[in-house]
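Please look over the chain shown below. The report that follows goes from the overall fold to single residues.

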Amino acid sequence: MLGWYNDDTLSKSVNSTITCEFIAVIPMSYLVYFSFILCTLIPLLVMTALYGYIFCAIRGILRDKPGNGAQKQCQRYLKKEKQLAGSLSLVLALFALSWLPIHILNCITYFRGKNDIPVVYIYVGFLSG
């Protein structure tokens, strides 16, 4: 239907039972280069750099001594912004921890071969994502 039909899968089927494996349908080069590097790794690195910049900028401003009431209000606002940035950084870290294992396993499979990874690691990678 979507161009995923594979004659090899049909010829290997037993008793007219067709098994569809993800790797047989989606090329590993697509998973590594497009899905991981372009759609996951580059945005993850950009967001990490931006959050690092935000934290450094807020920390630098908060180190200045407040003088009048307006500066104290600004300090309270910046502390709330720092807490919000911390919460978003936690979401970013959890995203990375959940998706990086399976993508790293895909890279190892693509560059080194499928036999280098124990099946248990693949199952754990799938469960983490």
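## Overall fold

The protein chain holds 5 helices and 0 strands. This is a predicted model. In sequence order, the pattern reads α-α-α-α-α.

Of the 129 residues in the protein chain, 22% are buried. The chain exposes about 9,900 Å². Carbon and sulfur atoms supply 66% of that area. Take the contacts between residues at least 6 apart in sequence: 58% of them join residues at least 24 apart.

## Annotated transmembrane spans

Which residues does the UniProt annotation "transmembrane region" cover? The unreviewed entry gives residues 31–62 and 83–102.

Both spans can be checked against the model. Residues 31–62 are 100% helix and 0% strand. Their end C-alpha atoms lie 43 Å apart. Residues 83–102 are also 100% helix and 0% strand. Here the end C-alpha atoms lie 30 Å apart.

## A nonpolar surface patch

A nonpolar patch sits on the surface, with about 930 Å² of accessible area together. Its members are Tyr30, Tyr33, Phe34, Ile37, Leu38, Ile42, Val46, Leu50, Tyr110 and Phe111. Which helices each supply at least two residues of the patch? They are H3 (28–63) and H4. H3 gives the most, with 8 residues.

Val46 is one of the patch residues. Its place is in helix H3. The relative accessible area of Val46 is 44%, so this residue counts as partly exposed. A patch residue needs over 30% relative accessible area, and Val46, at 44%, therefore clears that cut-off.

## Cysteines

How many disulfides does a search of the whole structure find? The search finds 0.

Is Cys107 buried or exposed? Cys107 counts as buried because its relative accessibility is 15%, and the cut-off for buried is under 20%. Cys107 is found in helix H4, which spans residues 69–112. Leaving aside residues up to four places away in sequence, Cys107 touches Val32, Phe36 and Arg112. Cys107 and Met28 are 79 residues apart in sequence. In space, the two are 8.3 Å apart, C-alpha to C-alpha.

Cys39 has a relative accessible area of 43%, so Cys39 is partly exposed. Cys56 is at 47% relative accessibility and therefore also counts as partly exposed. Partly exposed residues fall between the buried limit of 20% and the exposed limit of 50%.

## Glu81

Glu81 lies in helix H4.

Glu81 and Phe55 are 26 residues apart in sequence. Their C-alpha atoms are 9.4 Å apart in space.

## Recap

The protein chain has 5 helices and 0 strands. The nonpolar patch draws at least two residues from each of H3 and H4. Helix H4 also holds Cys107 and Glu81.

How values were computed
Residues are numbered from 1 along each chain as its sequence is written. This is a predicted model: local features need pLDDT of at least 70, side-chain atom pairs count only at pLDDT 80 or more; totals for chains, interfaces and linings use all residues. Side-chain values use heavy atoms; hydrogens and water are left out. UniProt positions are given in the numbering used here, feature names are shortened, and annotations may be inferred rather than shown by experiment. Helices (H or I, at least four residues) and strands (E, at least two) are DSSP runs, numbered from the N terminus. Buried means under 20% relative accessible area, exposed over 50%, partly exposed in between (1.4 Å probe, protein chains only). Contact means heavy atoms within 4.5 Å. Accessible areas come from the Shrake-Rupley method with a 1.4 Å probe; for residues, only the protein chains shown count as cover. Patches are made of residues with over 30% relative accessible area and no salt bridge: like charges are joined within 9 Å, nonpolar side chains (Val, Leu, Ile, Met, Phe, Trp, Tyr) within 5 Å. A salt bridge is a side-chain nitrogen of Lys or Arg within 4 Å of a carboxyl oxygen of Asp or Glu. A disulfide is a pair of cysteine sulfur atoms within 2.5 Å.
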